[in-house]
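Welcome! Please take a moment to look over the sequence and the model below, and then we can walk through them together.

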Amino acid sequence: MRSLYDADTVRAAEKPLLASLPDGTLMQRAATALARRCAQLLGGTYGSRVVLLVGSGNNGGDALYAGAALARRGARVEALLLSESVHEGGLRAFDVAGGRSRTAGDDSDCALVEGADLVVDGMLGIGASGPLRPAYARLARQTANTDGVVVAVDVPTGVDASTGATDPDAVRADVTVTFGAMKIGLLVSPGAEHAGVVDVVDIGLTLPPAQITALDAADVAALVPEVGAETDKYRRGVLAVVAGSDRYTGAAVMAVGGALATGVGMVRFVGAAHPAELVRQAWPEAVVIVAEPGDTAAVRDLGRVQAWVVGSGLGTDASSAATVRAVLEMPEPVLLDADALTVVAEHPEWLRERRAPTLLTPHTGEFCRLRSIERDEVEAHRLRHVRDAARNLDATVLLKGSSTLIADADGQARVNTAQTPYLGTAGSGDVLSGICGALLASGLSPLDAGAAGAFLHGLAGLEAAGDPPTAITAMDVVRRLPDALRAVRD
């Protein structure tokens with residue numbers, strides 16, 4: 001499991017090392033790793049054109065020391081200085097190595113950046129936040145015009161390392177070389193779209209346990225239950241799916257398919273006659289109960305289940321709302337998706353009254369309705385808003401999107417790293433609800449079920465899209481879920 005940290009935590013971890021090590025040791029460690037990565041990206045260092053964008057902080061010093069190392073290896077390195085108080089030792093080493101430096105700000109800056117084989121962004125560090133000053137914004141914009149590789153030092157200029165919020169002119173790096181620990185803003189959108197490939201360099205920091213984490217394949221494999229010799233359908237979990245309507249029939253088929261392909265022991269489907277018949281045809285192994293919207297007795301009398309999924313294609317009228325409330329009154333874990341989220345947006349007290357675990361899986365539009373917040377505000381500060389929602393609603397919230405985030409009421413959060421934009425297709429969210437519901441029924445907590453489910457969903461999407469990727473459907477994701485499960489177990 002990868003741990004993610006904000007800027008304050010990283011700086012606090014640096015203090016005892018800075019006090020105990022000889023002056024400049026940490027910077028030399030960082031600069032050496034940065035120079036090595038830049039040399040790898042250049043292929044042949046000799047004769048290559050490298051431009052450093054240098055601010056006044058330690059990231060600028062890292063860039064200058066790395067630039068000095070590249071100059072000694074035969075690169076033609078030029079530094080554009082954005083401050084009169086850049087790192088003195090770094091600038092002195094850069095000058096001695098044969099680098100050329102000048103103050104940024106004249107008309108030749110653009111041509112210099114555009115003509116570089118590699119641009120090193122060392123303008124601002126992890127402590128920077130808020131709007132970029134004009135000189136920084138101008139150079140940040142110019143990095144978009146180069147055909148060379150853009151490497152960010154620690155964090156791209158204009159990206160908030162602690163939150164992922166971005167300035168409109170933020171640098172879009174091809175590679176970010178970050179020091180000591182993965183920063184939250186490098187994996188959380190919109191900052192994640194500016195970070196490119198992220199290399200984490202160990203500089204010897206001792207860090208506390210992290211509240212923000214990201215699962216890898218081994219973590220997911222450890223969470224997903226294995227099928228043992230003594231396993232039966234009840235031990236593997238029984239999931240109730242309450243979904244679909246005469247208008248949205250496919251939602252029921254997708255949600256049930258996602259659950260079955262994840263390995264749940266049994267699915268009990270409850271829904272209107274037409275989607276129920278389609279579920280029977282697509283998934284004959286499902287136990288199908290026909291119940292019209294508002295038939296709360298069918299919910300209460302369903303039989304043995306370990307978890308519920310409710311909402312996909314259900315509708316939002318009064319009868320559908322009655323069904324949602326009946327499910328929320330059950331003692332088992334409940335996942336709410338799609339129309340159920342619209343219903344509870346009008347009745348948030350139904351969530352707060354629950355004593356059993358609850359997982360919500362909204363996309364951004366549904367989240368905005370749930371929280372009465374504008375879309376732009378949510379997209380700019382996704383992590384903050386998903387954590388606030390989890391605390392306020394006393395539930396676990398999985399916010400789908402460019403970087404899917406899962407947060408619980410205790411402040412723990414997970415960032416999904418298995419993603420593809422090709423999952424932005426009709427029915428994909430219904431499949432995800434089935435996957436996460438199956439994992440809830442197997443006994444996972446909502447946080448683990450949401451995080452592992454999002455990873456498997458993303459990996460199945462990547463498998464379905466292929467390489468080079470092409471458009472996929474939600475049923476393609478269902479079909480590739482067994483491949484995703486095999487992949488994480490390998």
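A residue is called buried when its relative accessible area is under 20%, exposed when it is over 50%, and partly exposed in between. R102 has 25% relative accessibility, so R102 counts as partly exposed. Keep in mind as you read on that this is a predicted model.

**The chain as a whole**

Let us step back to the overall fold. The secondary structure of the chain comes to 21 helices and 19 strands. Its C-alpha trace spans about 80 × 45 × 40 Å along the principal axes. For 490 residues, a compact globule would have a radius of gyration near 23 Å, and the 26 Å of the chain agrees with that.

Of the 490 residues, 57% are buried. Among the contacts with a separation of 6 or more, 70% are made by residues 24 or more positions apart. The accessible surface of the chain comes to about 19,700 Å², and carbon and sulfur atoms hold 49% of that surface.

With a relative accessibility of 69%, A19 counts as exposed. Between A19 and T45 there are 35 Å in space, C-alpha to C-alpha, for 26 residues in sequence.

**Charges and their pairs**

The chain carries 43 positive and 59 negative charges, and the mean positions of the two groups are 3 Å apart. Side chains of opposite charge can pair when their charged atoms come close. How many salt bridges does a search of the whole structure find? The search finds 21. Here are some examples, with the distance between N and O atoms:

| Salt bridge | N to O distance |
|---|---|
| D106 and R102 | 3.4 Å |
| E329 and R325 | 3.7 Å |
| R479 and D476 | 3.1 Å |

How open are these partners? D106, the partner of R102, has a relative accessible area of 36% and is therefore partly exposed. In the pair of E329 and R325, E329 counts as exposed because its relative accessibility is 56%, whereas R325 is partly exposed at 36%.

R479 and D476 sit 3 residues apart in helix α21 (residues 474-489), so about one helical turn separates them. R479 is exposed, with a relative accessible area of 53%, while D476 is partly exposed at 24%. Elsewhere, salt bridges that share partners join R102, D106, D109 and R138 into one network.

Note on methods. Residues numbered from 1 in each chain as written. Heavy atoms only, no water. Helix = DSSP H or I, 4+ residues; strand = E, 2+ residues; numbered from the N terminus. Rg over C-alpha atoms; globule rule 2.2 N^0.38 Å. Buried < 20%, exposed > 50% of the residue type's maximum accessible area, 1.4 Å probe, protein only. Contact = heavy atoms within 4.5 Å. Areas by Shrake-Rupley, 256 points an atom, 1.4 Å probe, with all protein chains shown as cover. Lys, Arg positive; Asp, Glu negative; His and termini not counted. Charge placed at Lys NZ, Arg CZ, Asp CG, Glu CD. Salt bridge = Lys/Arg side-chain N within 4 Å of Asp/Glu carboxyl O.
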